[in-house]
Amino acid sequence: MERKWWKEGCVYQIYPRSFYDFNGDGIGDLKGITQKLEYVKELGASIIWLNPCYKSPNDDNGYDISNYREIMDDFGTMEDFDELLNKAHSLGLKVIMDLVVNHTSDEHEWFIKSSSSKDNDKSDWYIWRDKKNNWGACFGGSAWEYCEKRDQYYLHSFSKKQPDLNWENPEVREAVYSLMNFWGDKGIDGFRMDVITMISKDQNFPDGVINGEYGDASPFTNNGPRIHEFLKEMNQKSISHYDWLTVGEGAGARVEDTLSYTAPENNELNMIFSFEHMNYAKPQCENNWKEEKFALPGYKKIYKKWQEGLDQKGWNTLYLENHDQVRSVSRYGNTSNEYMWKKSAKALAVMYYLMQGTPYIYMGQELGCTNTNFNSIEEFRDIAAKNDYAVMLSRGFSKEDALRLLNLTSRDNSRTPFAWNKDGGFTTSTPWIRYNQDIKEINVEREKKDPDSILNFYKKLISLRRSSDTLIYGSFKLLEEDDEDLFIYERTLDNEKYTIIVNMSDNTRCYPVKGQVVLSNYDDSKDEIRSWEAKVIKED
Ligand code: NOJ
């Protein structure tokens, strides 16, 4: 068991645009975050992950960067960033940034130059081809865009304002390591790496299997031929210079890929955000509307595979939400009334948080935030939501159906302003995106006062994990694999054992265990496991 701060800590993810608006323009900013750092500290988190705050025209809310060494105008200045970092450090909080280097903005000076002619010192910094293949972009349409000045196409895996960098070019790689070191020298504590497993493309650019109108690029872009070589080089030229947390977004990463990415002897990354548990029975509106039934045994098997697969050899991330996902209590829990909402949000927290891996909490998750009822397409802000809506209409969905389905899937569900009090309290003006309809009931002020709130439960849960090596480093064993209601697992280290029992259903079940209940979302402890009951038991 190798002790590491990034294994022991709890990461709190902040979407800067929606956390707290200091200057009253309706958009969250860095000064706003600085002002609210005590909140994160009180929660018990020890690491903050900031979604991108670099200069950006905001086609994809900062995931389209036009200058990696400057701060986005909406968010403030470099002085504001330095102040945030200093204050965080003085409170004992670490700060990790988002590294977005699969692509830049088309407004980055590298791309402006590269696209100006076939013959300039950046001409080979992006992926240019005379002919396009059939690949589709993740945000819809073709992954290739024509550029008149070059009479060529450039690849964009996401929007056409997000051209993919050409990682085959060593100058591009050096430029990336240099910007990473720029932030490292400022004193940040690591990076979350956006779609990092997509940076090495199959250089034959073969057509993909047609899925709807376009070919599926993922077999040729995810976990590509030179990915491990690039990450090892990145580690040598940047990561290894610092005591960092590095977490890669692992589009398409399987357990075996993740072992290669995270095994310490490979000198690549600390951990990967895998998607298998998030994609399980996920409603999708890609080509045709798809909704599979959620069945607990199938869901548990995924965790078992990842927990056992990485034990002692790599390291897991634990998460249920982020800025690309809907709210977990709406997706998996029971929001039919306040009582069940509270129980199920707490049960979900216990379920995922006490496995082996570094836990992540997305802002608002600790309050039990729910999905938002968007009333019309005009209320959405996300480029992906707008594209999905257009695709659904073009496939014959009615406007009402398209809206209903978007409400179930849209990333905007988690991007609504953070509610500090019953009136929102995020901004003094009109927020850039509407508030959730539940802010009167789900807000910081109210939950702070209520000893039984989800917020106060999260505090206990975070402190429980922090206090126990077994809950951090212990091995994981899934019990009752085929049970359709109960998610039960053990964590063991040396002679100490915890059993985590979570009822992920409305049914009342029975599961007697001996030991001391160290955390529960019901007051009295019985052998019965009631609807959405969660208990953590330490064996005597
Ligand atoms: C993954 C990010 O999490 C998402 O928000 C973004 O749109 C894409 N990568 C493209 O950068």
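Let's start at the ligand, where a polar atom in the side chain of aspartate 60 sits 2.5 Å from one of the ligand's oxygen atoms. Keep in mind as you look around that this is a predicted model.

In the side chain of arginine 192, an N or O atom is 3.0 Å from an oxygen atom of the ligand. For arginine 411, the distance from a side-chain N or O atom to an oxygen atom of the ligand is 3.0 Å. How much of the ligand does the protein bury? On its own, the ligand would expose 300 Å², and the protein buries 98% of that area.

Next, let's turn to a pair of helices. Helix α4 covers residues 78-90 and helix α6 covers residues 170-186; their axes lie 11 Å apart and the helices pack at an angle of about 55 degrees. Why are α4 and α6 called oblique to each other? An angle of 65 to 115 degrees would count as roughly perpendicular and one under 35 degrees as roughly parallel, so α4 and α6, at about 55 degrees, are oblique.

Which residues make this contact? From α4 come Met78, Phe81, Asp82 and Leu85, while α6 brings Phe182, Trp183 and Lys186. Five of the residues in this contact are nonpolar and two are charged, with no polar ones.

How values were computed
Residues are numbered from 1 along each chain as its sequence is written. This is a predicted model: local features need pLDDT of at least 70, side-chain atom pairs count only at pLDDT 80 or more; totals for chains, interfaces and linings use all residues. Side-chain values use heavy atoms; hydrogens and water are left out. Axes are lines fitted to C-alpha atoms, for helices over the stretch in contact, and angles run from 0 to 180 degrees between N-to-C directions. Helices (H or I, at least four residues) and strands (E, at least two) are DSSP runs, numbered from the N terminus. Angles under 35 degrees count as roughly parallel, over 145 as roughly antiparallel, 65 to 115 as roughly perpendicular and the rest as oblique. Contact means heavy atoms within 4.5 Å. Ala, Val, Leu, Ile, Met, Phe, Trp, Tyr, Cys and Pro count as nonpolar, Asp, Glu, Lys and Arg as charged, and the others, Gly among them, as polar. A polar contact is a pair of N or O atoms within 3.5 Å; within protein, one must be able to donate a hydrogen and the other to accept it, and residues adjacent in sequence count only if both atoms are side-chain atoms. Accessible areas come from the Shrake-Rupley method with a 1.4 Å probe; for residues, only the protein chains shown count as cover.
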